[in-house]
Amino acid sequence: MKSMEEMMAAAQEAAQTVQRQMNEAQAKLESIEVEGAAGGGLVKVRATAKGRILGVSIDDSLMVPADKQMLEDLIAAAFNDARTKADRASEQEMSKMAQGMPLPAGFKLPF
């Protein structure tokens, strides 16, 4: 039987491994890009899987002063689409990491 010190050392090492893997996964999420779109692709938003907005693209045909409200609505919709895709990419990436961990059945990590 292992001593208490050995068990504590093993638990600490496992916690450090999990922390390192979480940090690596978080860094990877910053490199994954998603694109949200609205209005049939007339407005696009690029974001990282962590939700940082990288850019906005607006089709020239939308640059009509009378359509200002519609353009604002499309931009908001594109942001929301990008956020949804970023969340999905983040969940997929974090679940890949969790698959390699010996976690009890039903245990969920706080992503």
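A crossing of two helices is left-handed if the near helix is turned anticlockwise from the far one by less than a right angle, and right-handed if clockwise. In this predicted model, local features need pLDDT of at least 70, side-chain atom pairs count only at pLDDT 80 or more, and totals for chains, interfaces and linings use all residues. Residues are numbered from 1 along each chain as its sequence is written, and side-chain values use heavy atoms, without hydrogens and water.

Start with the helices. Helix α1 covers residues 4-31 and helix α2 residues 68-99. Their axes come within 10 Å and cross at roughly 150 degrees. The two are therefore roughly antiparallel (an angle over 145 degrees). α1 passes α2 in a right-handed crossing.

Which residues of α1 meet α2? They are Gln21, Met22, Ala25, Gln26, Lys28 and Leu29. Contact means heavy atoms within 4.5 Å.

Now the strands. β1 (residues 33-38) and β2 run antiparallel, joined by 6 bridges. Ala37 stands opposite Lys44 in β2. Between β1 and β2 lie 4 residues of a hairpin, and Gly39 in the turn has a positive phi of about 65 degrees. β2 also runs antiparallel to β3 (residues 53-58), with 5 bridges. Here Ala47 stands opposite Ile53.

Finish at Thr48, in strand β2 (residues 43-48). Is Thr48 buried or exposed? Its relative accessibility is 0%, so Thr48 counts as buried (under 20% relative accessible area). Thr48 touches residues including Leu29, Leu54 and Ala86.

Technical notes:
Axes fitted to C-alpha atoms, helices over the stretch in contact; angles between N-to-C directions. Parallel < 35°, antiparallel > 145°, perpendicular 65-115°, else oblique. Buried < 20%, exposed > 50% of the residue type's maximum accessible area, 1.4 Å probe, protein only. Pairing = 2+ DSSP bridges. Lists of a residue's contacts leave out its neighbours within four places in sequence.
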